[in-house]
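Hi,

Here is the structure I said I would pass on. Have a look at it first, and then read on for what turned up.

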Amino acid sequence: MKPMAHLGVGIGWRPEIADAVERLSGLDWVEVVAENVCPGHLPESLLRLRERGTRVVPHGVSLGLGGADRPDPAKLAALGERAVALGAPLVTEHIAFVRTSSPVLEAGHLLPVPRTRDALDVLCENVRIAQDALPVPLALENIAALFSWPGEELTEGQFLTELVERTGVRLLIDVANLHTNRVNRGEDPAAVLDAIPLEALAYVHVAGGIERGGVWHDTHAHPVPPVVLDLLAELRSRVEPAGVLLERDDDFPPEAELAGELAAIRAVVTAGPAAPGETAIAGSGPAGTGQKADPGAGQAAHQGPVEESARTRVALGQAALLSALVAGTPVPEGFDRRRIRVQARALAAKRADVVAKLAPELPVILGGPDRYREAFLSYAKGRPMTSGYRRDALDFAEDLLIRDLPADPAARRRLTAWWRDRAGARPPRRIVRWARTLAGRAA
C-alpha cells in the first residue's frame, strides 16, 4: 500500500465556525462535507486556508457504498470533482447504506450494513467501482449504530480486515464510533483495533456524544468525553496515525473550547511512540495525479462480479429494515424492536432538524419551533423521504397547503408564497392528493 500523506491534527470545517477555524493556531488540516461545497464556488474561508497551505479533505455522506445498488456514477463524479478542486490527497466515505431503490426510500442517515458474506461481497464490488472512478485514493469510515443485524457472520474486525484485503481501500477509524458501538452493541473497541490492518489507516475521527436511557447517541454536538480520548490513546499505542480530526456539527462552543479540545487531542497523539513496527506512514502525491490505493493482497483476478442473487438478498433485507424505520411497516424478525423504535424516532427528529436548517422560514411561518416540530413529525409519520432534504422541505409545505394548513389565513398565504418561490408551480389541490393516494393504493 503506498504511503499515506501526513495530515497532523485538524478539525471539521463548517460554515458556522469558519472564522474560528481560520484563527485556530497550529491547525494542520480540515475536512469538509463534500456535498456541502460546490467545486466552482468554494467558500472564501476554504480558499484562504488552502492559500495558507492547509490541506482540505472532502468527506462524503451520500454514496451509500454499503447499499445493494451499485454506486451512482453522478455522485462518484461529483465527489471526484471536489477532490480535484480542493487539491485533496484522498477522499473519504462511510461503510453504510443510506437508501433503497425498491421501494424508493431515503434514510437521511448512515445505517449499518449486515456483517454477512453477501453484504461484504456487495460492498467490495461497490468499493472497487468507486476506486476506479475516483482520481485519488478512497478511505472508508466505520460508523456508529444503535442496533445490530440478526444473523451476522463476521465480527467488525473480520469484516473490515477482509474489506481491506479484497479492495486495498484505506480505513478512516472513528474512535467515537467504536465507543458508541461498545455501549449500543456490546462490542470491544480494543478487539477491533487488534484485528484490523492498521497499516491501512488513513486518519482518525474524534467526536462527542451523550448517553440517554442506556443508548449512546453520536451527536457531534457535545464535548469529546474522556472515554473517547482514552480510545484514541489505545489506537495511538498501536500506530502513529497520519492524521486526527475533531468533528463538531452542532451546538458549536466558543472558539477557546474548540482550541482546548484540539489541544487535548494533540496531547494524546504526541504522548509517546507507537508500538514497535507500527510507525506512521507519510508522504503521498497530490490530487489529480490519478494515484489509487494499492490492491490488497486478497484482491485476485479470479474475483468476478457479485452474483445478482446476493444483491437481491441484501436489497430485500435493507428495504425491510428501512421501511420499518421510516414508513412504519413491521420490524423484520430478529431485530431489537425497542432499538428500532429509538432509531425511527431519531431519524424523524433529524429530518425535522435538517429541514428547519435548510428552510429556516418554515418554523417562523408556522408560529415557532415547537409548532413547526409538531407539524413536521406528524407529516413524517405518513410521508417517508424519497429524495433529499430540500425536496422534503417542499413536500412538507405542499402537504400542509393541501390540508388547508396552517389555520391562520395570513400564515397560509406566506407558506404558499414560500412554496411557489422554490417549487415554481401552484400547490396541487386536495383532489389531486386524493387521486395520488388512490393511485398508490391501486399500485
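A word on terms before anything else: two residues are in contact here when they have heavy atoms within 4.5 Å of each other. Also, keep in mind that this is a predicted model.

Leaving aside neighbours within four places in sequence, Asn126 is in contact with Leu65, Gly67, Asp69, Arg70, Pro71 and Arg311. A polar atom of the Asn126 side chain lies 3.1 Å from the backbone oxygen of Gly67. Is Asn126 buried or exposed? Its relative accessibility is 0%, so Asn126 counts as buried.

Arg311 takes us to helix α10, where it is one of the buried residues. This helix runs over residues 308-326 and reaches 26 Å from its first C-alpha to its last, close to the 27 Å expected. Its buried residues also include Ala310, Val314 and Gln318, and what covers them includes β5, β6, α4, α11 and α13. After α10 comes Gly328, with a positive phi near 75°.

On to the nonpolar cores. The largest has 86 residues, and Ile11 and Val175 have the most contacts inside it. Apart from that core lies another, of 23 residues, with Ala359, Tyr389, Leu400 and Leu401 among them.

There are also three cavities of 30 Å³ or more. The largest cavity comes to about 110 Å³, and the residues that line it include Ile95, Asn142, Phe159 and Arg185. Helix α5 gives the most to that lining, with three residues.

Now for some backbone details to check by eye. Most residues other than glycine have a negative phi, and most peptide bonds are trans. Here are the exceptions I'd look at:

- Ser102 to Pro103 is a cis peptide bond, with omega near 0°; Pro103 sits in the loop between β5 and β6.
- Leu405 to Pro406 is cis as well, omega again near 0°, and Pro406 is in the loop between α14 and α15.
- Asp404 is found in that loop between α14 and α15 too, and its phi is positive, near 55°. At 42% relative accessibility, Asp404 counts as partly exposed.
- Asp251 has a positive phi near 45° and lies in the loop between β12 and α9. Its relative accessibility is 52%, so Asp251 counts as exposed.

Cheers

Conventions:
Residues are numbered from 1 along each chain as its sequence is written. This is a predicted model: local features need pLDDT of at least 70, side-chain atom pairs count only at pLDDT 80 or more; totals for chains, interfaces and linings use all residues. Side-chain values use heavy atoms; hydrogens and water are left out. Helices (H or I, at least four residues) and strands (E, at least two) are DSSP runs, numbered from the N terminus. The expected span of a helix is 1.5 Å times one less than its number of residues. Buried means under 20% relative accessible area, exposed over 50%, partly exposed in between (1.4 Å probe, protein chains only). A polar contact is a pair of N or O atoms within 3.5 Å; within protein, one must be able to donate a hydrogen and the other to accept it, and residues adjacent in sequence count only if both atoms are side-chain atoms. A nonpolar core is a set of buried Ala, Val, Leu, Ile, Met, Phe, Trp, Tyr and Cys residues joined through side-chain atoms within 4.5 Å. On a 1 Å grid over the protein atoms alone, a cavity is a set of points where a 1.4 Å probe fits but cannot get out, and a pocket is an open set with protein on both sides within 12 Å along at least five of seven lines; lining residues have an atom within 4 Å of a point. Grid points are joined across faces, edges and corners, and a volume is the space filled by probe spheres set on the points.
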